[in-house]
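Colleague: Hello! Could you show me how to read a few features of a protein model, step by step?

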Amino acid sequence: MLAAALLLIIMGGAAAIMSYIYRPQLEISEVCPSNDGLYDRALLKDSKGELCDWIEIYDPADRDTTLEGWSVRKNGGEEYPLGSSAVKGGSYFIIYCSKSGFDSDEPHADFNIPKNESCVIELLYKGKVRDKLTLEPVEKGRSLVRDGEGALYVTDPTPCAENSTAVTGSTPKLGKNGGYYSQGFELDIKAGKGQKIYYTTDGTDPRTSATRTEYTSPVEITDRRTEPNGISGYDPSKIQLNFRPGHYSAPKDEDVDKVTVIKAVAEGDEGLYGRVETATYLVGLTPESHSSMPFISMTIDPDDLYNQQTGIYCLGDIYSQYAADHPDHKFNGSVPANYTQRGREWERECHIEFYESDGTLRLSQNAGVRIQGGWSRAEYQKSLRFFARGSYGESAFEYPFWENVDENSFDTFVLRNGGNDTNYSKFKDTMIQELASGRSFATQSGRPCVLYINGEYWGFYTLQEDYSQEYFANHYDVKKSSVAIYKNDELDEGDEEDPESFDKLYELVTTYDLTDEQNYKNVCELLDVENFADYAAAEWYIFNDDWPQNNYGCWRADEGKGEYADGRWRFFMFDTESCAYHYSTKNQGRDMLEYIESKHSSGIARFLLSLLENEEFSRMFYARLAEMKECFSYERVSDFTERYKAEYLPEMEAYFKRFPTDHSYNESTLPMLTRMDMFFKERQVQQFGEK
């Protein structure tokens with residue numbers, strides 16, 4: 001017995017020794033925080049169809065290693081197991097990273113690797129850290145790797161292959177942070193020893209720009225407010241068609257504040273450029289210069305705005321061809337132009353910095369930008385929609401833009417010009433939506449925000465939540481990828497079967513007898529009728545004359561938690577500013593039902609009229625309409641109006657100077673506000689016959 005026990009002890013000790021000698025030895029070889037899609041061995045996409053960040057692991061052993069027990073994590077957070085497949089000794093493999101998740105068995109982790117801040121990536125075996133790297137920000141399309149002594153450097157990616165030894169330029173260090181400065185100064189820029197530094201001030205990329213300057217001495221940062229206009233001096237007749245061309249001129253030099261935007265880059269081995277650093281310096285200005293609003297500084301290649309073939313902000317070749325074929329065309333937002341084009345192919349890369357009201361930088365990253373809106377795309381000042389994508393850098397905007405929104409991570413956001421209210425008050429839609437918030441339909445939060453493009457004042461906007469899959473996932477606790485958004489007769493986001501679902505609902509509502517109980521029940525299985533009654537009552541009460549023939553939207557989701565994952569369509573409010581006698585009092589005293597009947601063949605007018613034929617829905621609708629007396633009471637609207645006037649109107653004069661047309665504060669803003677006040681003062685009597 002004793003001999004047997006001793007044998008077991010000896011064998012156990014030997015096994016422990018052998019386990020230690022042959023324990024798995026994987027190590028982190030390379031990390032690519034921003035995959036540019038140029039390498040065939042790193043092309044796996046996440047569940048959203050986006051290219052992923054990746055971590056390369058190397059197995060230095062001379063035998064195969066199983067991934068069982070191995071995991072990876074970021075900043076000490078959740079561990080993500082790598083699976084149970086085997087890795088050949090002396091080989092490399094990729095761990096794909098994306099917070100959107102994967103529909104694949106490839107080794108992956110459900111997190112993003114930060115692009116604009118440092119982080120720690122750890123490789124663990126059975127819960128114990130075996131290797132880790134502390135990452136610093138790197139330029140898109142570059143990797144952070146180790147040299148033979150373990151030191152980190154940046155270079156071109158080499159997925160599943162030996163690391164490149166060519167060192168990329170380091171990230172330049174700017175001597176001062178962006179923000180407000182009372183006086184000019186000299187700006188120092190530093191980079192790695194022996195590396196050349198290049199910079200631009202016109203928004204172009206310093207790696208490739210023909211206008212770049214090599215840094216040899218500190219850069220003079222001065223007060224540029226009265227310098228000649230640059231991109232803001234572009235001919236308005238090539239930007240907008242809401243007014244006949246030739247009637248308006250570009251703004252005066254002194255009416256466009258100019259500030260300095262520095263984009264700097266360092267050049268390393270073999271012409272490898274590092275990360276571009278960007279900062280905006282507002283010399284001679286203070287937060288009060290533009291009504292103490294937060295501001296966004298956007299830098300973009302001017303060609304991406306005004307190039308006739310590819311520019312997104314101009315009429316361009318698309319309009320030129322249309323005008324040649326239609327010489328007697330109208331001058332409004334229905335005319336095709338570069339700026340009316342939609343889709344990813346009309347998205348352009350830019351860099352944005354978000355500064356809070358006190359001038360403190362809160363966010364700085366690359367993004368995509370498109371023109372946003374309907375007919376308002378033809379305005380002189382256009383709305384912009386921003387996209388965070390891994391292909392640009394960060395896959396989210398991480399900042400709490402709105403106080404009343406719990407989330408602080410967003411895929412998209414919008415700078416809205418005001419739509420129909422662009423040249424009036426700019427706040428009308430945001431105020432109406434806030435008045436209606438808390439009801440059963442979705443609304444958007446917004447706040448005023450100044451914009452600079454390539455250092456030139458671009459007026460002010462409403463920084464607004466964007467209706468996206470992420471919006472509904474965050475607000476209603478549904479699965480993001482299951483959200484469908486249908487807007488103005490088109491699928492905005494979702495799958496191929498979603499339009500079929502809406503078409504089926506529309507057919508049920510508009511072609512079947514809804515006085516029949518079973519037909520109405522069939523509708524209720526596809527539509528949240530209480531939501532629609534509430535939504536339609538709000539639009540009805542405010543007399544939005546750009547609805548229901550236009551500006552309607554609905555969404556659905558069939559995965560997630562709670563009642564909203566039931567697959568039924570629900571409506572959301574947007575673009576309400578053409579309400580309450582916006583342009584004139586021509587609809588004063590007009591019955592809204594009669595107005596909707598006049599639009600019966602457009603949008604969802606017929607949809608609403610058909611539902612009103614059902615007694616149950618009709619009772620529900622008119623009960624919700626009665627509730628609007630309190631929601632939009634004259635006293636409540638007046639209080640909101642005074643608050644919004646204080647926030648927005650001080651900037652209107654600067655806006656009208658920047659975008660000179662036949663609109664003005666006295667001739668446009670004040671009369672519209674007077675009409676709106678009249679509408680809500682009269683509305684309760686007009687709608688219900690009571691004070």
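Modeller: Gladly, and please keep in mind that this model is predicted. Let us begin with burial: a residue is called buried when its relative accessible area is under 20%. Arg447 has 18% relative accessibility, so Arg447 counts as buried.

Colleague: Where does Arg447 sit in the chain's secondary structure?

Modeller: Arg447 belongs to strand 29, which covers residues 446-453.

Colleague: Which side chain does the side chain of Arg447 join through a polar contact?

Modeller: That partner is Glu356, and the polar contact is 3.1 Å. The Arg447 side chain also reaches a backbone atom, the oxygen of Phe401, at 2.8 Å. Leaving aside residues up to four places away in sequence, Arg447 touches several others, among them Pro294, Trp402, Tyr461 and Tyr648.

Colleague: Now for helices. At what angle do the axes of helix 11 and helix 14 cross?

Modeller: Helix 11 spans residues 615-631 and helix 14 spans residues 665-688; their axes come within 10 Å and cross at roughly 160°. Angles over 145 degrees count as roughly antiparallel, and therefore helix 11 is roughly antiparallel to helix 14.

Colleague: Is the crossing of helix 11 and helix 14 left-handed or right-handed?

Modeller: Helix 11 passes helix 14 in a left-handed crossing.

Colleague: Which residues meet there, in helix 11 and helix 14?

Modeller: On the helix 11 side you will find Leu625, Ala626 and Lys629, and they meet Gln684, Gln687 and Phe688 of helix 14. Sorted by class, this contact between helix 11 and helix 14 has three nonpolar residues, two polar ones and one charged one.

How values were computed
Residues numbered from 1 in each chain as written. Predicted model: local features only at pLDDT ≥ 70, side-chain atom pairs only at ≥ 80, totals over all residues. Heavy atoms only, no water. Axes fitted to C-alpha atoms, helices over the stretch in contact; angles between N-to-C directions. Helix = DSSP H or I, 4+ residues; strand = E, 2+ residues; numbered from the N terminus. Parallel < 35°, antiparallel > 145°, perpendicular 65-115°, else oblique. Left-handed = near helix turned anticlockwise from the far one by under 90°. Contact = heavy atoms within 4.5 Å. Nonpolar A, V, L, I, M, F, W, Y, C, P; charged D, E, K, R; others polar. Buried < 20%, exposed > 50% of the residue type's maximum accessible area, 1.4 Å probe, protein only. Polar contact = N/O pair within 3.5 Å; in protein donor to acceptor, adjacent residues only side chain to side chain.
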